[in-house]
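Q: I would like to learn how to read a few features of a structural model. Can we go through them one by one, with the general idea before the case?

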Amino acid sequence: MNLHLFLTKLKPWMLPIAMVCGVLFHDCFESVEFIAPYLIFVMLFITFCKVDAAHIRPTRFSWYLLGVQVIGGILAYLLLLPLDTVLATGFFICIFCPTATAAPVITGMLGGSVTRLATFSIVSNIAVALLAPVLFTFIGAGNEMTAGAILSCMLIIARRVLPVIILPLLLALLLRWRLPQLTDAIAARQSVSFYIWAVSLLLVVGRSVSFVMQEPPGEMLHMFILAGLAAVACVVQFGVGRLIGRRLGDKIAGAQGLGQKNTVLAIWMAMTFLNPISSVAPAAYVAWQNIINSLQLYYKSRHGSI
């Protein structure tokens, strides 16, 4: 069996393998965790080499998905708030969390529009950077934020998120302008970005497992319920995104745009600005969304479409 055939057969199983290895060897990844943003940067650069700058503009597609992300997150929080603040916060962050920076990669592999999702990814992450500090003022751990604290929080989130998304896009567009043949050659090698994503997933899952294992035993019930709520949020968002996308011409981009989340950012925001226990929900979301991604990739490899 040649290498290409082996990698083709292995591809549908790469994400589950990465997740299992992340769980089993989570203690080994602390020292190399810092490379994850760089891997995501390279992965996005390869993906964005397929993007045509003339097509990057927000449309109804972006605004519909953003409405579900923001308004849906607020409604989810209000729905569970009378029952439990921690559960409400965890459910909220799973919905309000922006689209994963890697979502365009999976979208391209599944046959969706990378340009549409790249546009929404930018809109989604900018919206979170602007709205999160204000919302956290009202749903945080009980401490009122001053105007200065709100601005500081906004800048911290923006500084953490936007360079990972904007810089690889600008670099890809600049390269397409100056060296279009090189850009086309990179764009033709999209499979490389998938394997980079698998390594990134390995690091993220390992980090999430390490965090969950550090939580006190008395919070186990909360953590199990939060994991269940994360599953509900994941399935519902993939489903609603698919329905919106089908109506607006791209069911795959719709599903990935709404369902595939930047869980690394969500975990950090929950631990930093909300109740730390609520971060178990986005940590569990890592598993749920990648189970769905793995099933979709497997189905596409067998049937040619999803």
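Q: Is Ile267 buried or exposed?

A: This is a predicted model. A residue counts as buried under 20% relative accessible area. Ile267 has a relative accessible area of 7%, so it is buried.

Q: Where does Ile267 lie, and which residues does Ile267 touch?

A: Ile267 lies in helix H13. Leaving out residues up to four places away in sequence, Ile267 touches Ser208, Ser279, Pro282 and Ala283. For a view across the sequence, take Gly90: Ile267 and Gly90 are 177 residues apart along the chain, and their C-alpha atoms are separated by 9.7 Å.

Q: Which residues of the largest nonpolar core touch the most other members?

A: In soluble globular proteins, nonpolar side chains tend to be buried together. In this model the largest nonpolar core has 52 residues, and those that touch the most other members are Phe91, Phe92, Ile93, Phe96, Phe136, Leu226 and Met269. At least two residues of this core come from each of helices H4 (60-80), H5 (85-96), H7 (114-139), H11 (220-248), H12 (251-259), H13 (263-273) and H14 (280-303). H11 gives the largest share, 10 residues.

Q: With which residues is Leu226 in contact, leaving aside its neighbours within four places in sequence?

A: Leu226 is in contact with Val86, Leu87, Gly90, Ile277, Ser278, Val280 and Ala281. There is also a second, separate core of 29 residues, with Phe45, Cys49, Ile106 and Ile122 among them.

Q: At what angle do the axes of H4 and H12 cross, and which residues meet there?

A: The axes of H4 and H12 come within 10 Å and cross at roughly 35 degrees, and the crossing is right-handed. On the H4 side the residues are Phe61, Leu65, Val68 and Gln69, which meet Ala253, Gly254, Gly257 and Leu258 in H12. By type, the residues of this contact are 5 nonpolar, 3 polar and no charged.

Q: How many salt bridges does a search of the whole structure find?

A: The search finds 1 salt bridge. The side chains of Arg176 and Asp184 meet in a salt bridge, at 3.2 Å from N to O.

How values were computed: Residues numbered from 1 in each chain as written. Predicted model: local features only at pLDDT ≥ 70, side-chain atom pairs only at ≥ 80, totals over all residues. Heavy atoms only, no water. Core = buried A, V, L, I, M, F, W, Y, C linked by side-chain atoms within 4.5 Å. Buried < 20%, exposed > 50% of the residue type's maximum accessible area, 1.4 Å probe, protein only. Helix = DSSP H or I, 4+ residues; strand = E, 2+ residues; numbered from the N terminus. Contact = heavy atoms within 4.5 Å. Salt bridge = Lys/Arg side-chain N within 4 Å of Asp/Glu carboxyl O. Axes fitted to C-alpha atoms, helices over the stretch in contact; angles between N-to-C directions. Left-handed = near helix turned anticlockwise from the far one by under 90°. Nonpolar A, V, L, I, M, F, W, Y, C, P; charged D, E, K, R; others polar.
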